[in-house]
Amino acid sequence: MNTQPKPDATLFLASSVHDMKNSISVMLGSVQRFLAQAGPEQTEFHRDMAQMLYEIQLINGNLIQLLTLYKLGNDLYPFNAETQEIAEFAHTAVSHVQPLLNSRGIRIELDLEENCYWEFDGDLVNGIIVNAMNNAANYTRSTIHLGVATVAGALEIRVEDDGSGFPQRMLDEGLAAMRGVDFSTGSTGLGLYFAAVSARLHRNRQEEGSIRLENGGRLGGGCFIVRLP
Amino acid sequence: MSVTDDNKLIANSNYLVVDDFPGMRGTLSMVLRNCGVNPKNIDTASNGSEAIKTLSRKKYDVVLCDFNLGDGKTGAHVLEEAKYRSLIGPSCCWIMVTAEKTTDTVMGSAESQPDAYLIKPVTEAILISRLQKIRAKKESFIEIDRAIAGRDYLQAIQLCDERAINDKANAIELLRVKCDLLTRTGQSDKARATYENVLASRDVPWAQLGLARIHMLDEDFESAAGLLEQLVDNNRSYLEAYDYLAEAHQALGQNDKAEATLERALALSPNSHVRQRAMGDLSLKTGKLDRAEKAFRKTVTLAEHSVRKSPEAYLGLAKTVSAKSNPQEALNVLEQMNKKFSGEEVRLKGKSVEGLIYHQSGNAEKAKEVAQELSSMLESSSTRIDSAAKREMAELLLATGEHEKGLALLQAEVMNNPEDKANLAAVREIFRKTGFEDQGAVLVEASRKEAMDMMNAGTLLAKEGDFAQAIDKLRSALEKMPANVRLLLNSAHIMITYMEKSGANADLINEVRRNLLTANQLAPAEQRFLLLMNRLKVLE
């Protein structure tokens with residue numbers, strides 16, 4: 001009988017992230033430098049670099065999501081809700097995706113409630129929104145709309161696009177993810193699951209945060225909505 | 001401040017980048033250059049010691065420091081030491097750069113809290129927005145911090161209120177600081193009302209913790225434990241709450257629960273030397289010596305690189321090893337401690353534990369010799385030592401035949417705290433253990449009465465209008481009981497009343513302030529402190 005313990009990758013998940021993050025940081029820095037030196041935005045080199053930047057950010061995003069889920073599963077995630085100024089929070093989130101949007105000629109449209117402050121874990125919600133905007137960039141035709149407003153005692157963040165909207169299958173699977181059902185098909189699985197779990201951590205007065213997917217909205221395409229009590 | 005002014009400020013500041021990985025140093029420097037910073041204003045350091053050297057040579061406006069610096073010091077250690085040695089001023093922005101968000105990095109001790117954490121990768125937009133946010137916050141808090149540093153708590157509370165009106169971004173933090181100050185100055189009623197007000201509109205963990213702390217100050221440990229249990233269930237990574245919960249459990253005599261609570265917190269964050277020490281203390285108390293030894297050893301290792309390391313872990317370890325019948329090893333631990341720490345308090349406590357080790361191992365002759373040394377050291381010392389250590393010293397003196405000195409020590413403890421029931425009980429227990437039960441009971445009662453009489457004598461004279469004599473009496477009473485909180489406050493009240501009647505004088509004002517601050521340190525929950533400070537302020 002085999003008495004050797006089974007290999008356990010989770011042991012190394014947390015410890016190897018330090019090195020991976022350093023590598024990602026250096027790659028990101030280099031690509032940004034190439035982009036800055038690349039000249040006009042229409043060249044093929046510029047487009048390639050922008051694509052590379054996007055891929056690096058995708059790896060970074062996935063890494064954070066995996067690690068966060070691992071920590072949440074073991075009660076190790078240091079959840080801390082702090083007062084965020086909405087305009088500043090939104091602009092910082094947009095700065096993550098701006099180079100990608102520029103290279104693809106996608107317009108970003110902001111509609112932010114003025115003088116609005118809300119309590120939430122800035123890192124988690126930033127992760128959700130950046131992921132949603134990256135996703136929208138792949139499906140939109142020309143514009144992404146980021147709207148933040150207080151609605152019925154909760155903060156609602158909407159990422160909308162003018163693409164052809166979510167297919168019915170995704171709307172259904174999205175609902176499944178929000179209920180915490182484990183499904184593992186395609187890359188949208190991790191992102192939505194992470195978003196649902198992270199939103200749910202935000203609790204106030206018996207109410208918990210949630211996400212939902214819709215079609216329509218201002219631009220007539222897909223809408224990704226986070227609601228934080 | 002306009003955006004252009006902000007950008008100019010960012011471009012014209014001095015920066016230090018601390019990272020063990022050359023590629024990261026290069027990347028962070030590049031991010032700074034892209035923000036408009038002149039390369040001449042960017043210095044780098046590759047480890048903790050180098051960072052400390054660099055910081056002591058030059059003043060930096062911003063420090064970007066990786067949390068994980070390879071072997072030796074972590075970023076938290078560097079920050080702690082830089083603050084402790086005043087290598088950075090209050091206006092310095094310290095940003096900790098981390099690969100990931102962990103309980104260790106985010107929930108560390110207050111002393112080692114940076115102005116912000118940034119998770120890699122750091123981009124220009126994020127850095128600029130974070131620096132602007134930090135600057136705005138510093139601007140909001142600079143006067144408050146100054147008032148707190150000058151112990152002008154009333155002014156600090158007033159400033160919190162004024163600032164909160166227009167500063168929505170920091171309103172919550174201002175409220176939190178204000179509540180903390182209210183609790184610290186004995187106004188727990190107001191603090192409680194504010195916490196309840198906050199909680200009426202939102203479930204806010206810090207307000208729940210604040211309420212629990214007030215219950216603890218009121219010695220309502222039952223309610224505190226209930227609140228805290230709920231708090232950690234809903235906020236599993238709120239380490240501070242675990243620490244208070246363990247304290248509440250101990251106060252209720254529920255040592256098993258306290259152990260379980262500390263264990264949960266240590267599983268989340270095993271690298272806090274303060275928490276490891278709490279575990280060591282508790283395990284030593286409950287006689288779980290193996291675990292105590294493990295916790296104390298870990299404390300010593302963890303605190304190695306910290307400027308705030310304390311000799312207590314060594315003392316605890318020595319006591320534990322001695323209780324495990326290993327006197328030679330225990331003496332070695334003390335020797336290590338004496339090499340690492342200096343100061344009268346350490347020497348006195350070390351001597352006391354040394355005597356205990358000999359006593360426990362049955363070496364009566366050597367124990368007596370050490371006790372005599374301790375006795376003459378105490379004779380010439382004026383260092384204030386905590387009650388628990390004092391009682392240990394007295395126990396050693398009584399057990400080794402140094403009766404007179406042992407009795408005198410315990411008498412002083414009783415007179416300083418004549419109304420503290422837990423202290424009186426602990427003193428009686430020592431008398432019982434050392435075979436002085438009857439004599440001790442008489443002495444405790446006599447000392448308690450003498451203290452109360454001396455405290456009342458001054459008050460009576462003042463009531464009769466003889467302030468000169470009253471103040472004389474109070475001063476000689478304070479000489480005998482320098483840590484008696486009620487006496488400190490009574491004397492302040494009488495001296496202030498005297499000045500209100502016949503004019504202020506600077507020396508007396510200073511004397512009163514000193515006494516009040518001592519009382520506040522000894523008993524933070526005492527309500528009269530702030531009222532008296534208020535009256536003193538009018539006289540200045």
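In this predicted model, the bridge partner of A:Val151 is A:Ala154, which belongs to strand S5 of chain A. This pair sits in a hairpin formed by S4(A) and S5(A), with two residues between the strands. One of the turn residues, A:Ala152, has a positive phi of about 50°. The two strands run antiparallel to each other and are joined by eight bridges.

How many of the eight residues of S5(A) are buried? Eight of the eight are, so the strand is largely enclosed by the rest of the structure. In a regular strand, side chains alternate between the two faces of the sheet. Both faces of S5(A) are covered: one side carries A:Ala154, A:Glu156, A:Arg158 and A:Glu160, the other carries A:Leu155, A:Ile157, A:Val159 and A:Asp161, and all of these residues are buried.

Stepping back to the whole of chain A, there are six helices and nine strands. Of its 229 residues, 48% are buried. Contacts in chain A with a separation of 6 or more come to 68% from residues 24 or more positions apart.

Two loop residues of chain A deserve a friendly glance for their backbone. A:Asn115 is not a glycine, yet has a positive phi of about 55°. This residue lies in the loop between S2 and strand S3 (117-120) of chain A, and its relative accessibility of 56% means that A:Asn115 counts as exposed. A:Gln206, likewise not a glycine, has a positive phi of about 65°. The loop that holds A:Gln206 is the one between strand S6 (203-204) and strand S7 (207-208) of chain A. With a relative accessible area of 86%, A:Gln206 is exposed.

A:Gln57 is found in helix H2 of chain A and counts as buried at 15% relative accessibility, the cut-off being under 20%. Leaving aside residues up to four places away in sequence, A:Gln57 touches A:Leu28 and A:His96.

Chain B has an open sheet of five strands too, in the order S2-S1-S3-S4-S5, with parallel pairing. Its edge strands are S2 (42-45) and S5 (116-119) of chain B, each pairing on one side only. On average, and with direction ignored, neighbouring strands of this sheet are turned by 20° against each other. Within the sheet, strand S3 (residues 62-66) and strand S4 (residues 93-98) of chain B pair in the parallel sense over five bridges, and B:Val62 has B:Cys93 as its bridge partner in S4(B). Helix H6(B) lies across strand S1 (15-18), S3, S4 and S5 of chain B, running at about 140° to S4(B). The loop between S5 and H6 of chain B contains B:Pro121, and the peptide bond from B:Lys120 to B:Pro121 is cis, with omega near -5°.

Both chains contribute to the second largest pocket. Rolling a probe the size of a water molecule over the atoms shows where empty space is left. The second largest pocket holds about 380 Å³ of space. Its lining has 17 residues, and those nearest the centre are A:Gln32, A:Leu35, A:Leu53, A:Pro99 and B:Glu124. Two or more lining residues come from each of helix H1 (10-37), helix H2 (44-73) and H3 of chain A, together with helix H6 (124-149) of chain B. H3(A) gives the largest share, five residues. By class, the lining has five nonpolar, nine polar and three charged residues.

Technical notes
Residues are numbered from 1 along each chain as its sequence is written. Chains are lettered from A and ligands numbered from 1 in the order in which they are written. This is a predicted model: local features need pLDDT of at least 70, side-chain atom pairs count only at pLDDT 80 or more; totals for chains, interfaces and linings use all residues. Side-chain values use heavy atoms; hydrogens and water are left out. On a 1 Å grid over the protein atoms alone, a cavity is a set of points where a 1.4 Å probe fits but cannot get out, and a pocket is an open set with protein on both sides within 12 Å along at least five of seven lines; lining residues have an atom within 4 Å of a point. Grid points are joined across faces, edges and corners, and a volume is the space filled by probe spheres set on the points. Helices (H or I, at least four residues) and strands (E, at least two) are DSSP runs, numbered from the N terminus. Ala, Val, Leu, Ile, Met, Phe, Trp, Tyr, Cys and Pro count as nonpolar, Asp, Glu, Lys and Arg as charged, and the others, Gly among them, as polar. Buried means under 20% relative accessible area, exposed over 50%, partly exposed in between (1.4 Å probe, protein chains only). Two strands pair if DSSP finds at least two bridges between them. Contact means heavy atoms within 4.5 Å. Axes are lines fitted to C-alpha atoms, for helices over the stretch in contact, and angles run from 0 to 180 degrees between N-to-C directions.
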